[in-house]
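Grab a pencil and have a look at the model below. Then work through the exercises one by one, checking each solution as you go.

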Amino acid sequence: MMRQAGRYLPEYRAVREKAGSFLDLCFTPELATEVTLQPIRRFNLDAAILFSDILVVPHALGQTVSFVTGEGPRLAPAISGDNVAQFAKQLNLSTLAPVFETIRRVKPTLPAHVALLGFCGAPWTVATYMVAGQGTPDQGPARLMAYRDPAGFARLIDALTDASIDYLVVQFKSGVDAVQVFDTWAGILPPEEFERWCVEPMRRIVAGVRSSVPGGKIIGFPRGAGTSLLRYVERVEVDAVGLDWSIDRDFARREIQSRVAVQGNLDPIALLAGGEALDHAVDAVLAAFAGGPFIFNLGHGILPETPVAHVEQMLRRVRGR
């Protein structure tokens with residue numbers, strides 16, 4: 001499930017309190033390993049998701065990253081045309097060594113049938129946080145920079161593309177079986193900008209990773225892409241593509257699943273609701289996609305207030321068919 005570990009699990013909350021800051025949790029292999037394994041122990045899922053965060057990449061590029069309880073991430077200084085050169089540089093992989101150590105610790109402890117999934121944020125989505133210095137409702141700061149200073153913004157995107165390739169390659173070499181690239185804010189861009197800032201960097205990432213890891217399995221997730229998802233899968237050679245909960249399922253089955261495996265697309269609110277509404281929602285996803293190559297998953301991240309009993313209900317429903 002996107003994302004497995006989180007505040008919905010009581011055992012996660014206990015580890016989170018022990019760790020101190022969120023970044024300390026990400027960069028303490030012993031604790032990150034424990035959090036990665038918790039959902040596997042509880043739910044016997046088919047894959048473990050590496051516990052980390054997409055913003056460890058800006059951290060490794062030299063931007064100061066912190067997390068404010070109840071408010072989200074803060075990155076300083078915010079990126080602009082005046083300082084983009086300072087951060088558009090080669091990734092410091094030594095900063096991310098604890099993440100790779102977590103992978104090396106987790107992999108041998110998993111049952112043979114359980115895959116280990118790594119991930120990173122897509123360049124566009126990571127750039128939105130770097131430019132704004134935090135999350136924003138419409139990612140306006142990054143969109144403005146892309147329009148006003150396309151050369152400077154392209155420099156940042158190029159650096160993040162190279163950083164993503166380096167980061168994912170070492171994840172594979174450390175032991176992950178597949179990776180997912182999250183482009184959470186892809187859906188807010190018009191078609192031309194989506195092509196420039198989402199599709200083309202992701203195409204380069206896939207090609208770059210596979211030049212070092214031939215056959216490396218890669219899942220793309222451009223959330224909110226809608227019908228532009230067809231252009232994405234035509235240009236980007238991913239092995240699977242994530243579907244958010246808003247996509248037209250008939251379109252996705254006809255135009256997307258006929259080309260690549262699909263993943264998704266249960267509404268996280270339906271999971272939060274539980275009861276008959278959850279059963280109906282699970283059944284609708286399975287009816288749409290279970291006839292082809294398909295990974296059952298949520299259409300985005302699990303909400304922290306989701307009862308564990310609802311997750312158990314969902315898994316029973318999926319496995320009972």
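**Exercise 1.** What volume does the largest pocket have?

*Solution.* Before we start: this is a predicted model, where local features need pLDDT of at least 70 and side-chain atom pairs count only at pLDDT 80 or more, while totals for chains, interfaces and linings use all residues. Residues are numbered from 1 along each chain as its sequence is written, and side-chain values use heavy atoms, leaving out hydrogens and water.

Step 1: know the term. On a 1 Å grid over the protein atoms alone, a pocket is an open set of points where a 1.4 Å probe fits, with protein on both sides within 12 Å along at least five of seven lines; lining residues have an atom within 4 Å of a point.

Step 2: read off the volume, the space filled by probe spheres set on the points. That's about 1400 Å³.

Step 3: The lining has 38 residues, and Arg7, Phe22, Asp53, Phe67 and Pro73 lie nearest the centre. Helix α1 (10-19) is among the elements giving two or more residues, and α1 gives the most, with 3.

**Exercise 2.** In which order do the 7 strands of the open sheet come?

*Solution.* Step 1: strands are DSSP runs of E, at least two residues, and helices are runs of H or I, at least four, numbered from the N terminus. Two strands pair if DSSP finds at least two bridges between them.

Step 1: the order is β1-β4-β5-β6-β7-β8-β9, with parallel pairing.

Step 2: find the edges. β1 (47-49) and β9 (294-298) each pair on one side only.

**Exercise 3.** Is Thr128 buried or exposed?

*Solution.* Step 1: locate Thr128 in helix α7 (residues 123-132).

Step 1: Thr128 counts as buried because its relative accessible area is 0%.

Step 2: list its contacts (heavy atoms within 4.5 Å). Leaving aside residues up to four places away in sequence, Thr128 touches Gln134, Gln139, Ala142 and Trp185.

How values were computed
Buried means under 20% relative accessible area, exposed over 50%, partly exposed in between (1.4 Å probe, protein chains only).
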